[in-house]
Amino acid sequence: LTAMGEPSMDPTMSADSTAQQDSLFSMTDVFLISLITGLFTYWFFFRKKKEEVPDLPKMQTVAAPVRDSSFIEKMKKTGRNIVVFYGSQTGTAEEFANRLSKDAHRYGLRGMAADPEEYDLSDLSRLSEIDKSLAVFCMATYGEGDPTDNAQDFYDWLQEADADLSGLRFAVFGLGNKTYEHFNAMGKYVDKRLEELGAQRIFELGLGDDDGNLEEDFITWREQFWPAVCEHFGVEATGEESSIRQYELVVHTDVNMSKVYTGEMGRLKSYENQKPPFDAKNPFLAQVTENRKLNEGGERHLMHLELDISNSKIRYESGDHVAVYPANDSSLVNQIGEILGTDLDTVMSLNNLDEESNKKHPFPCPTSYRTALTYYLDITNPPRTNVLYELAQYATDAAEQEHLRKMASSAAEGKALYLSWVVEARRNILAILQDMPSLRPPIDHLCELLPRLQARYYSIASSSKVHPNSIHICAVTVEYETKTGRLNKGVATNWLRSKVPERGGSGSPVPERGGSGSPVPERGGSGSLVPMYVRKSQFRLPFKPSTPVIMIGPGTGVAPFMGFIQERAWLKQQGKEVGETVLYYGCRHEREDYLYREELARFHKEGVLTQLHVAFSRDQAEKVYVQHLLKKNKENIWKLVNEGMAHIYVCGDARNMARDVQNTFYEIVSEFGSMSQPQAVDYVKKLMTKGRYSLDVWS
């Protein structure tokens, strides 16, 4: 091969060849040169073609995202002058943003609701390029003063930005809950930071309290906000609030059912063909492998569930939250269909009338009314006033129509009526339809108005060090009688309760989800599949295993501590030095609802759980709670905190327990640290700042 290749590398050899070789060489030479020239020519043109063709498409694909990420360009293109950004975890802030953007038309203005995650917020400095422009921010606070997932990038940008926002006019409405330590932290921060960057506030910060009446707080703020906007821009209301449809109905009579959504959150057929990574828009279908009742008596049903995450590549840490997407009770869905005289299996789409909107549909479409009411829409919470206002036009009885309009008004009498008739009576949409016989709205408009059914979050009750392929949940079934005598049931807990465990080991459940069969009936009924994903938390064990921990978690608040204790036991088995592990737990009765009694006793006996203090609140005449046991052991508590540098963890009810426990720590610190009350409060706040006092609470 080498000999054959040499002539091609040195063509000058032909000039020096002998006469005897002339004839043979010439033939070989011509053949090889022709072959090489041909190959070179082919390669040259082939290479050129390959390089030239992609040039144009490349330029097009690069340009597209830049254009899409600019809300300024979009506003200019569509003639908008008000943009309402929302930081939303459960959908309420997004709902308020949509309502404000729809309000704008009453004042000769045009608004758009926007997800900050989809746009480049540094463009805020350019908003003054648009006449009569205004940015409104509906910002919810999540967890312990944190931004919502979709507002995290915006929050990071605000912290680092040194932009000049002097041309920006803004207003902020915050959504929070007063039972939490950092009430409305995100709303307050955005309001303060925008002003620091030079922006002009045109109306005062609104602080909505979900522990009170968030809807009333929003309406009160909104009815004063718009007059301030009118005064600032010199505009007037063009007339009464009118009902404007945002979506148009398209009924599909001849549709390929493989193109119809059956409950998926994002990608079509994502439940039949599961692909990681798994998140809010692409949940994993986990098999329930265990579902057992934890309590031995009483009226309540407390349960322990185990979800198989084998082969999902899902990773979690002790203290994280698992989010599950529930399904509404089929009997409620059927009753709505019957009352409205609708064939729930009709396949339809609701298409946004605003073609420029990023939100093409209110939920995945095309789908059936049954799927929408089962998986996508919230039909169990009391509807907000804007829903009542829009529905009023369909009540044929004048008294019922007036009743609905009054509750949707901003008058004091209307607010009081809404509070008593809807909120306190816990009337959901089905109850309202039942109690107003003349109210029969078109089902498509009802589906447009109802908010999205949200994922439910639970503190994970296991450690991934011990259970890498399983996530445990501890929950109590919600069930109560309303003032109207109806039995209301919690959507997620009753749906989880109905889950029948899949037996057959820890092998991957993924293959069973493949194929062409739809998994919908199993998810909706008592099957074993649960759409879920993991949300990371700041609720973490200390970095050093030798650091003492004090855990306070009555009721289902014990959930994350089961994971913590499992992990400390595992660390001990690995030969690590593990510090004091102290648990303060509480329940109503020792013989009824003492959760994980055997497991906790075993951990205590093995010395992993060095102290176990349990308060049985109703086993004696005088109620005893966890804070009473903390006071009883106050000297030991102070020693662990002050000398041992212990980390404190509180999980459970925010409204009463968490506050009472915090007040108890103030007292202990004040007494043993020889501090005044303000100094003790400051001491505990500093523990929180340093990550030594952590909360995982709910109201």
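The model is predicted, so local features need pLDDT of at least 70 and side-chain atom pairs count only at pLDDT 80 or more, while totals for chains, interfaces and linings use all residues. Residues are numbered from 1 along each chain as its sequence is written, and side-chain values use heavy atoms, with hydrogens and water left out.

- Leaving aside neighbours within four places in sequence, Met532 is in contact (heavy atoms within 4.5 Å) with Pro283, Phe284, Ala286, Leu307, Ile309, Ile314, Val322, Ala323, Val324 and Ile471.

- Strands here are DSSP runs (E, at least two residues), numbered from the N terminus, and two strands pair if DSSP finds at least two bridges between them.
- Strand 22 (residues 647-653) is largely enclosed by the rest of the structure, because six of its seven residues are buried; buried means under 20% relative accessible area, with exposed over 50% and partly exposed in between (1.4 Å probe, protein chains only).
- Strand 19 (residues 549-552) runs parallel to strand 22 and is joined to it by four bridges. Ile550 has Ile648 of strand 22 as its bridge partner.
- Strand 23 (residues 693-698) also pairs with strand 22 in the parallel sense, over six bridges. Here Ile648 is bridged to Tyr693 of strand 23.

- Three strands form an open sheet in the order 8-12-13, with antiparallel pairing.
- Strand 8 (247-251) and strand 13 (367-368) stand at the edges, each with a single partner strand, so one side of each is left without a neighbour in the sheet.
- Strand 12 (residues 347-352) is joined to strand 13 by two bridges, and the partner of Met348 in strand 13 is Thr367.

**Cysteines**

- The structure holds zero disulfides (pairs of cysteine sulfur atoms within 2.5 Å).
- Cys447 is in no disulfide, and the nearest cysteine sulfur, that of Cys365, is 9.2 Å away. Cys447 counts as buried, at 0% relative accessibility.
- For Cys474, the closest cysteine sulfur belongs to Cys651 and is 9.5 Å away, too far for a bond. Cys474 also counts as buried, at 5% relative accessibility.
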